Amino acid sequence: MPELPEVQTVADSLRHSLANATIHEVKFLWPKISGNLPHEEMARRLAGKRILDVGRRAKYILIRLDHGTLIVHLRMEGRFYIKESFQATHKHSHVLLHLDDDRRVEYNDTRKFGRFYYYDEGQALTVLDGLGKEPFDDTLTASELHKSTRNKKTSLKVWLLDQTHIAGIGNIYADEICFAARVSPKQPVGRITLKQWETILASTRSILWQAILSGGTTIRTYTSSLGITGRFQLELNAYGRKGEACRQCGTPMKRIVVGQRGTIYCPVCQKVR
Ligand SMILES: [Zn+2]
């Protein structure tokens, strides 16, 4: 599932290609992708709108129109293709946005879990309600995290995945953050010290930032015929390394389940305290 850095990469790619383009006609080939309006209604409201900018909030892509906002959540497998009108439609493309410059944006999603939300100008973007602060928000501090978690029994991994705390972290980066901070994914957050929260927050920012930078390099080689998934090569220290040697101490990395999610950690470097 794309997390904050991948969604940022997709948003940047879309902004690069689509800013100032006008949507001519929209077709929902799978009606349920339309998350907050009947699909015909959403298609009608999007037609004729010009794309001003594309940004991100948590794992949502925000497409700002000259009137209103289209919000897309890619969920598990969502991706975009930008094609010339004469090119064939990709299998599993469920939403087609025909642009008035003869290009077509295809929203492709094998598992059909992704969703589109449309809000008219001035309407509250309710799908974003309840999201926590962005990791790079200057007002997000370790002391705030420390204070808000006293005596809480939630494990750090589950806490990191909860989008109401810090927005944008998913399974891959949660494992990477725990590893970098040398804290067990099972560590109850209520017993994490202020010093540890400082390390956790700093690790969160540096890991996500490196991933965004690494994604940025894929934009330069991006061409309109390729699918924009935001995936890229980034060296991971925990995720996907079950049984491999810990890069810190050499102990085999272990897989456990935390909050129903597969979790990889080093049993020596990341002890519950
Ligand atoms: Zn280790």
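1. Two residues are in contact if their C-beta atoms, placed from the backbone, lie within 7 Å. Helices (H or I, at least four residues) and strands (E, at least two) are DSSP runs, numbered from the N terminus. This is a predicted model: local features need pLDDT of at least 70, side-chain atom pairs count only at pLDDT 80 or more, and totals for chains, interfaces and linings use all residues. Residue numbers start from 1 along each chain as its sequence is written.

2. Start with the domains. The assignment, which is automatic or taken from a database, gives domain 1 (4-128) and domain 2 (142-265). Their C-alpha centres lie 28 Å apart.

3. Next, look at helix α2, residues 39-46. Its buried residues are M42, A43 and L46. Buried means 20 or more other C-beta atoms within 10 Å of the residue's own; exposed means 12 or fewer, and partly exposed is in between.

4. What do the buried residues of α2 pack against? They pack against β1 (23-28), β4 (69-73) and β8. G48 follows α2 and has a positive phi, near 90 degrees.

5. Check K112. Its phi is positive, about 60 degrees, although K112 is not a glycine. K112 is in the loop between β7 (103-108) and β8 (115-119). It counts as partly exposed because it has 15 C-beta neighbours inside 10 Å.

6. Then check N151, another residue other than glycine with a positive phi, near 65 degrees. N151 lies in the loop between α3 (142-149) and α4 (156-161). It is exposed, with 8 other C-beta atoms within 10 Å.
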